[in-house]
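The points are arranged by topic and may be read alongside the coordinates.

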Amino acid sequence: MVGEVARDRLTLHEVHRFPNQPTRVLGTLHWNVLSLYQGVLDGLGAAAAHTRGSGLTSVGIDTWAVDYGLLAADGTLLANPVHYRDTRTTGTAERAAAALPPPALYAATGLQHLPFNTIYQLMAAQGTPALAAAHRLLLIPDLIAYWLTGEAGTELTNASTTQLIDPRTRDWARPVAKALGIDLTLFPPLRRPGDPAGTLRQDVLAETGLTAPTPVTAVGSHDTASAVVGVPATTPDFAYIATGTWSLAGLELDAPVLTEASRAANFTNELGVDGTVRYLRNIMGLWMLQECVRSWDARGGLASRTDLTALLREAAEATPLRSVVDAGDPAFIAPHDMPDRIADACRRTGQPVPRTPAETTRCVLDSLALAHRRAIEDAQRLSGRTVGVVHIVGGGARNELLCRLTADACGLPVVAGPAEAAALGNVLVQARTAGSVSGGLAELRTLLHSTQPLRQYEPTGDHSAWDRAAARLGDAQVTGQAT
Ligand code: LRH
């Protein structure tokens, strides 16, 4: 993505897009990290061509959270990074809990329990040759930045997803690392969004056609941190849902909420740009639908690929709230057989099993809207704040049915867009560092609001139908917290 930013102008051009196709090797699910890096190099080459020799003011990198690569002393990557959806962490939360009880872990880190938090991945890796040989650990965006610049750092917003950061001090939670046997010296020093992160190496310039010097700037390298910067809010009383593979639903706060009630509700205090806290809950998101489509396509063969537009049109006509599942249930994290897992969940809760792809799609979208509503209600209750509007950003902002259902479920107006909020938030933080724009998050958001196409959905329908659907899930609803 190439962004062009001025005081009253903000545009984004997609110059290159590449697939991210994980691969299972000897039973373990890996990222194809070199292929991703090649995609980045090709993208920089396309950016160089786009700017026709005028060059880039800066480059910023954001990716998904929690995952990492291990490097030897000479900088060699020791193993292909493991995908957080791999099941290697099964059972590690119990081991962690024996060393550090979950209430103490939450009080120290404020992070929701997700089975793939970096601490659990590192505990699962204890005793492996790669970890034993590792000199350095780099989170995925930091790894890409290292390959581009030769300089290593640990960007703070993404570091906060490791569960090794204290959200009050915004520094390492050393007692947590000690209790869990995690070596913090593996992590290079912390850097914050806006900090310099090196300049592109000579070989990268040669390969991409960019000119020296091209600085790399630390941004909210956790994609969700950048997406929250990209929320076009015009008032402070907003909730956001960053929807894509995941739905990350919650509030932006000035300080973490570390209460026992917050832990029980499995809310996270991830760190945001400009000293903010992203107080949110992970909800399965459109992953559920993507995985269903993958299963249907595999069953039907290449000749009958699912037509998503037609599917969503049919889903919009399907019976509302016929069956709902708990879109917070970690049972939906792993890949494969998603339609079957959804059918099982409906059966278990005594609801009709969806029979067609359209009915399954409606079940997924109703369930996501219900989980959005629950997260936004819980976030308000737990933080003592009240919201008047919900912003949906990310790819899901393009899904009209999801936006409409979310407005209905929450009983609040929904402002949808921009779909590329993470890229916009990334670019805005760089632009501010470069001096093209100034001000705090409120000023950046005003620029977003005045330049990006947005769509508003007003709540309609019978609100109590959502209460009744929520009641059907009742006690079966899981928040995913470790007890
Ligand atoms: C979204 C995301 C989310 C994390 C998950 C691992 O892409 O970064 O915020 O919880 O991936």
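**Notes on the predicted model**

1. Asp274 is found in the loop that joins strand S15 (268-271) to strand S16 (277-283). The model is a predicted one, and in it Asp274 adopts a positive phi of about 60 degrees although it is not a glycine. Asp274 is classed as partly exposed because 16 other C-beta atoms lie within 10 Å.

2. A second residue of this kind is Leu26, which has a positive phi of about 45 degrees and is not a glycine. Leu26 belongs to the loop between strand S3 (23-25) and strand S4 (28-30). With 5 other C-beta atoms within 10 Å, Leu26 is exposed. As background to both points, most residues other than glycine have a negative phi, and most peptide bonds are trans.

3. Cis peptide bonds also deserve attention. The bond from Ala212 to Pro213 is cis, with omega near -10 degrees; Pro213 sits in the loop between helix H9 (202-208) and strand S12 (215-217). The bond from Gly417 to Pro418 is likewise cis, with omega near 0 degrees.

4. What surrounds Pro418? The residue is located in the loop between strand S18 (414-416) and helix H17 (421-434), and it counts as buried because it has 25 C-beta neighbours inside 10 Å. Setting aside residues up to four places away in sequence, Pro418 touches Gly230, Pro232, Val393, Ala397, Leu424, Leu448 and Gln452.

5. Leu424, one of the contacts of Pro418, lies in helix H17. Leu424 is buried, since 29 other C-beta atoms are within 10 Å. Apart from residues up to four places away in sequence, Leu424 touches Leu10, Leu12, Gly230, Pro418 and Leu448. By C-alpha positions, Leu424 and Glu458 are 25 Å apart, with a sequence separation of 34 residues.

6. The largest nonpolar core comprises 139 residues, and Met288 and Leu428 have the most contacts inside it. Helix H15 (residues 357-383) gives the most to this core, contributing ten residues. Beyond its neighbours within four places in sequence, Leu428 is in contact with Val5, Val229, Val437 and Leu444.

7. Which residues of helix H14 (residues 338-348) are buried? They are Met338, Pro339, Ile342, Ala345 and Cys346. Viewed down the axis of H14, these buried residues fall within an arc of 125 degrees, so they line one face of the helix. In general, an α-helix has 3.6 residues a turn, so residues three or four places apart point the same way. The face of H14 turned away from the buried side carries the exposed residues Asp340, Arg347 and Arg348. The buried residues of H14 pack against helix H12 (287-300) and H15. Just after H14, Gly350 takes a positive phi of about 70 degrees.

8. Val387 is placed in the loop between H15 and strand S17 (389-393). Val387 is buried because 20 other C-beta atoms lie within 10 Å, and a residue counts as buried at 20 or more. Leaving out neighbours within four places in sequence, its contacts are Asp237, Phe238, Ala239, Ile376, Gln380 and Leu412. Val387 and Pro236 are 151 residues apart in sequence, and their C-alpha atoms are 8.4 Å apart in space.

9. Around the ligand are Trp64, Ala65, Val66, Tyr84, His222, Asp223, Thr224, Thr245, Trp246, Leu248 and Asn282. By class, this shell contains six nonpolar, four polar and one charged residues.

10. Finally, a point on annotation. The unreviewed UniProt entry carries the annotation "domain: Carbohydrate kinase FGGY N-terminal" for residues 27-230. In the model, the end C-alpha atoms of residues 27-230 lie 38 Å apart, and the span is 40% helix and 13% strand.

Key. Residues are numbered from 1 along each chain as its sequence is written. This is a predicted model: local features need pLDDT of at least 70, side-chain atom pairs count only at pLDDT 80 or more; totals for chains, interfaces and linings use all residues. A nonpolar core is a set of buried Ala, Val, Leu, Ile, Met, Phe, Trp, Tyr and Cys residues joined through C-beta atoms within 7 Å. A residue is buried if 20 or more other C-beta atoms lie within 10 Å of its own, exposed if 12 or fewer, and partly exposed in between; C-beta atoms are placed from the backbone. Helices (H or I, at least four residues) and strands (E, at least two) are DSSP runs, numbered from the N terminus. Two residues are in contact if their C-beta atoms, placed from the backbone, lie within 7 Å. A residue is near a molecule or strand if its C-beta atom, placed from the backbone, lies within 6 Å of it. Ala, Val, Leu, Ile, Met, Phe, Trp, Tyr, Cys and Pro count as nonpolar, Asp, Glu, Lys and Arg as charged, and the others, Gly among them, as polar. The arc is that of the directions from the helix axis to the C-beta atoms. UniProt positions are given in the numbering used here, feature names are shortened, and annotations may be inferred rather than shown by experiment.
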